[in-house]
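Subject: Structure handover

Hello,

Here is the structure I promised to pass on. Please open it first, then read my notes below.

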Amino acid sequence: MKKITGVDILDEEVKKKLTTKNIYKIFNNFIMPLITEEERDFLEELELFLLKSIETNIDLNTEVYDLFPILGKKNYIQRLNNFGDCKRCNMRYEMLLAMATSIVDPELDLARVVTGVIFANPLFQFGKSDRITEVLHQIVTGKKIGCICITEKYQGSDAVNMKTKIQDKGDYLILDGEKLYTTNGPNADYFIVYGVSDPTNPRGTMYQVIVERGFEGLETNRLGIQSVPRVEIGQTIFNSVKIPKENVLGAKGQGYKNLFSGLVAERCAIIGSSLGIAWLTAITALIYTNIRSQFNRPIYDFQGVSFPITQLITELMAATELGFTSATEYDKTIEHQHFEEKKYIKYNASFSSGAKFLASSLAHKISYETQQLCGGIAFTDNLRIDKALEVAKVQEIIGGARNIQLYLVSRAIKDMISFL
Ligand SMILES: Cc1cc2nc3c(=O)[nH]c(=O)nc-3n(C[C@H](O)[C@H](O)[C@H](O)COP(=O)(O)OP(=O)(O)OC[C@H]3O[C@@H](n4cnc5c(N)ncnc54)[C@H](O)[C@@H]3O)c2cc1C
């Protein structure tokens, strides 16, 4: 990869104070009152690990994937589902993992959430065969990379009406089609793919299968997405790919139900990443503007700088509370095995959509505003603000564009007045 980092122009005094360690210290002050004692212990342990083992290995000229096995060794590829002897696993832990990882490296967290949650969660929920257990082990240890293929060239927001074709041939399935914007795709070892046997009846005929790198007829190409150069996002083509039955996660019709129940987990994890980005840029601005002087005083002394930062942090505190509430709601649904109950599924889907809409647009707003408030240095790679701003753009569209999140909430709100 071409070297993309530039010269270091950051003032020594700023550099000494604007460390990830200090950002975590301030972040903890905000976050600790919102979480339990056990969650606090988890967060502190995690932050120490990220400082020691991840931050020291980050190279902005290298893709994020070499960091996966380091995360995997400590079971930090995901914290949504129980794996190994891990006790601290649910959506609230996953959200803390996403926040702390995004603070140290927002691009890494984007790729991690895709492999660790968006890809792995359906395997935890629906995987039955020995092969799937094997795949899951490789993914959660960070040795292999996963991705998810929903979006197509002509079916984006209207994903249900997908055209990718799956035919049941008895002992195996045959998959034909093209998916787009597959995060991690060009580098992935495993692909969760959705396809239908009858495009006029997608709900009744949708399958969910796992394609493996090396299967004949699989082709991946990288898209030129410049906002996240360390994450590969691609076009994934399936030319009569033969899928063994043991790689089927959702059989005919079940694929549709799996797709929708998975979207809630996906959105919650994206909420965590978005909040992490927002805290990273808000705290960076708070520290920087208190050190940087113009007109003989720290620029934070000017209300034109301090008031907007304060307002952004106030909004972020509220969004963080909402994020934890959506995680708690998700955990309750899983704990009480409510996934077959329509009213809980609907409630969770709309709640998570609203929170995802809010958190991801706030991450973008805070990154954009703090960049302007900090000035030129925030456009360089000496601060992490510009990188965070670029990743925030992706967080806003991945998992469904903002209008689609609003569409889901608007339908749920309309349902509330249906008794009138
Ligand atoms: C960087 C990146 C990573 C991604 N990663 C993945 C991935 O890993 N796997 C995957 O499957 N997909 C992925 N996506 C795809 C992403 O989920 C889609 O881009 C998204 O669902 C929108 O689809 P579309 O791009 O085709 O836009 P369109 O559906 O064409 O939408 C274009 C615009 O129209 C609006 N619109 C559409 N329908 C309506 C409506 N009914 N009401 C109001 N407004 C509407 C949308 O909100 C949007 O603003 C990724 C996308 C990007 C950019």
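First, the ground rules. This is a predicted model: local features need pLDDT of at least 70, side-chain atom pairs count only at pLDDT 80 or more, and totals for chains, interfaces and linings use all residues. Residues are numbered from 1 along each chain, as its sequence is written.

Domains

The protein chain is divided into domain 1 (12-140), domain 2 (146-253) and domain 3 (255-416). These bounds come from an automatic or database domain assignment. Taken over C-alpha atoms, the centres of domain 1 and domain 2 are separated by 27 Å. In the contact between them, 21 residues of domain 1 meet 18 residues of domain 2. Two residues are in contact if their C-beta atoms, placed from the backbone, lie within 7 Å.

Which helix gives the most to the side of domain 1 that touches domain 2? H6 does, with eleven residues. Helix H6 (106-126) and helix H7 (130-140) each supply at least two residues of that side. By class, that side has 14 nonpolar, four polar and three charged residues. Ala, Val, Leu, Ile, Met, Phe, Trp, Tyr, Cys and Pro count as nonpolar; Asp, Glu, Lys and Arg count as charged; the others, Gly among them, count as polar. Helices (H or I, at least four residues) and strands (E, at least two) are DSSP runs, numbered from the N terminus.

Ligand shell

Of the 21 residues around the ligand, Ile150, Gly156, Ser157, Tyr181 and Asn403 come nearest. A residue is near if its C-beta atom, placed from the backbone, lies within 6 Å of the molecule or strand. The shell draws at least three residues from each of domain 2 and domain 3. Strand S1 (146-149), strand S3 (172-183), H12 and helix H13 (402-416) each supply at least two of its residues. The shell divides into 14 nonpolar, seven polar and no charged residues.

Helix pairs

Axes are lines fitted to C-alpha atoms, for helices over the stretch in contact, and angles run from 0 to 180 degrees between N-to-C directions. Angles under 35 degrees count as roughly parallel, over 145 as roughly antiparallel, 65 to 115 as roughly perpendicular and the rest as oblique.

Start with H9 (residues 254-291) and H12 (residues 385-397). They pack at an angle of about 155 degrees, with axes 10 Å apart. H9 and H12 are therefore roughly antiparallel. Their crossing is left-handed, a term for a near helix turned anticlockwise from the far one by less than a right angle (right-handed if clockwise). Residues of H9 in this contact include Ile270, Ser273 and Leu280, and those of H12 include Ala388 and Val391. By class, the H9 and H12 contact has seven nonpolar, five polar and no charged residues.

H9 also packs with H10 (residues 303-335), at an angle of about 155 degrees and with axes 10 Å apart. That makes H9 roughly antiparallel to H10. H9 passes H10 in a left-handed crossing. The contact of H9 with H10 divides into 18 nonpolar, five polar and no charged residues.

Pro106, Glu107 and Leu110 of H6 meet Lys387, Ala388, Val391 and Val394 of H12. By class, this contact has five nonpolar, no polar and two charged residues.

Best wishes
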